[in-house]
Amino acid sequence: MTAELLIRIVELAAIGLTAGFLAGLLGIGGGILMVPAMVLVLGFGQHVAQGTSLLVIIPAALTGSLTHYRKGRFKVRDALWLAAGGIIGAALGSVFALSIEDDVLRKLFAGLLFIFGLRMLLPRNTSSLIRERLTARNA
Amino acid sequence: MKATPVAEGTTPSLALVALGAVAGVLSGLFGIGGGIVMVPAMVLLLGFIQRRANATSLAAILPISVVGATLFGRANDIDVLAAVVLSVGSLIGVQGGARAMDRLSDRRLGLIFGAFLVALALAMLFL
């Protein structure tokens with residue numbers, strides 16, 4: 001029993017470490033890694049996995065952003081405008097997520113990953129196409 | 001490598017608000033930060049250099065995730081103990097990641113971001 005608990009603690013800390021590293025390096029929250037890990041490895045329900053992920057993202061985003069800020073890597077203005085739209089969107093998204101069944105939410109999450117996966121696998125062409133179109137417009 | 005200064009020029013606020021709103025919906029709905037949308041959009045559509053996009057995204061994720069965490073917390077959908085242990089790892093990891101940025105060129109950072117998404121996609125398809 002104690003060994004099991006220890007293994008679980010190590011698992012959680014390792015998942016957090018990986019997610020945090022990706023957050024600091026790549027500017028993502030790490031939730032895209034933590035949520036599936038909690039559901040698949042630890043057997044959490046979808047809602048609890050998502051809520052826990054959001055809570056974990058807060059201190060990581062705070063300390064990571066402070067480091068980026070000290071190094072002058074972003075403009076506070078940009079982040080504030082993003083956040084202005086973001087907090088409204090997050091409220092809408094959360095209320096909707098909390099209103100649906102756990103297994104429906106889980107299927108939606110799988111759908112999100114699937115779409116992102118497909119888009120990543122349809123390679124370079126797509127993104128360079130967008131870039132070409134934008135530069136053509138600006139020229 | 002010295003810290004690269006942020007790109008010049010002002011990004012239209014409306015584009016940022018709209019992008020933030022999309023990321024926010026994804027964040028609240030799926031318990032993620034939303035960076036997976038914000039970072040590529042800032043690089044490909046708004047012309048940010050990679051490290052500026054990554055850093056801006058993480059800063060915007062902070063207030064966005066507070067909203068979701070508050071609402072999920074009120075619904076009792078948070079495992080606080082798990083969150084504490086995850087955070088121990090995550091707080092160490094985030095500093096490692098933020099510092100590692102200095103040692104990577106902007107191009108390499110972009111490649112790592114792309115590779116991460118492709119790896120995730122492959123894991124989704126085949127695991």
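**Reading a predicted two-chain model**

Q: At what angle do helix 1 (residues 2–26) of chain A and helix 2 of chain A pack, and how far apart are their axes?

A: Helix 1 (residues 2–26) and helix 2 of chain A pack at about 165°, and their axes lie 9 Å apart. Axes are lines fitted to C-alpha atoms, for helices over the stretch in contact, and angles run from 0 to 180 degrees between N-to-C directions. Helices (H or I, at least four residues) and strands (E, at least two) are DSSP runs, numbered from the N terminus.

This is a predicted model, where local features need pLDDT of at least 70 and side-chain atom pairs count only at pLDDT 80 or more, while totals for chains, interfaces and linings use all residues. Residues are numbered from 1 along each chain as its sequence is written, and chains are lettered from A and ligands numbered from 1 in the order in which they are written.

Q: Are helix 1 and helix 2 of chain A roughly parallel or roughly antiparallel?

A: Angles under 35 degrees count as roughly parallel, over 145 as roughly antiparallel, 65 to 115 as roughly perpendicular and the rest as oblique. Helix 1 and helix 2 of chain A are therefore roughly antiparallel to each other.

Q: Which residues make the contact between helix 1 and helix 2 of chain A?

A: Two residues are in contact if their C-beta atoms, placed from the backbone, lie within 7 Å. Helix 1 of chain A contributes Ile15(A), Thr18(A), Ala19(A) and Leu22(A), and helix 2 of chain A contributes Leu33(A), Met34(A) and Ala37(A). By class, that contact has 6 nonpolar, 1 polar and no charged residues. Here Ala, Val, Leu, Ile, Met, Phe, Trp, Tyr, Cys and Pro count as nonpolar, Asp, Glu, Lys and Arg as charged, and the others, Gly among them, as polar.

Q: How many of the residues of helix 2 of chain A are buried?

A: A residue is buried if 20 or more other C-beta atoms lie within 10 Å of its own, exposed if 12 or fewer, and partly exposed in between, with C-beta atoms placed from the backbone. Helix 2 (residues 31–40) of chain A is mostly covered, with 8 of its 10 residues buried. Among them are Gly31(A), Ile32(A), Pro36(A) and Met38(A).

Q: How many residues does each chain bring to the contact of chain A with chain B?

A: Each side is counted separately: 83 residues come from chain B and 83 residues from chain A. Helix 1 (13–30), helix 2 (35–44), helix 3 (50–74), helix 4 (80–100) and helix 5 (106–126) of chain B each supply at least two residues of the side that touches chain A. Helix 3 of chain B gives the largest share, 22 residues. By class, this side of chain B has 56 nonpolar, 23 polar and 4 charged residues.

Q: What does chain B look like as a whole?

A: Chain B has 5 helices and 0 strands. Its C-alpha trace spans about 45 × 30 × 30 Å along the principal axes, and buried residues make up 54% of its 127 residues.

Q: How do helix 4 of chain A and helix 1 of chain B pack?

A: Helix 4 (residues 76–99) of chain A and helix 1 of chain B pack at about 30°, with their axes 5 Å apart. That makes the two helices roughly parallel. Helix 4 of chain A passes helix 1 of chain B in a right-handed crossing.

Q: Is Ser94(A) buried or exposed?

A: Ser94(A), in helix 4 of chain A, counts as buried because it has 28 C-beta neighbours inside 10 Å. Not counting residues up to four places away in sequence, Ser94(A) touches Gly28(B), Val67(B), Gly68(B), Leu71(B) and Phe72(B).

Q: How does Thr67(A) count?

A: Thr67(A), in helix 3 (residues 46–70) of chain A, counts as partly exposed, because it has 18 C-beta neighbours inside 10 Å. Leaving aside neighbours within four places in sequence, Thr67(A) is in contact with Gln95(B) and Ala98(B).

Q: What is the phi of Asn76(B)?

A: Most residues other than glycine have a negative phi. Asn76(B) has a positive phi of about 65° although it is not a glycine. Asn76(B) sits in the loop between helix 3 and helix 4 of chain B and counts as exposed, with 10 C-beta neighbours inside 10 Å.

How values were computed
Left-handed = near helix turned anticlockwise from the far one by under 90°.
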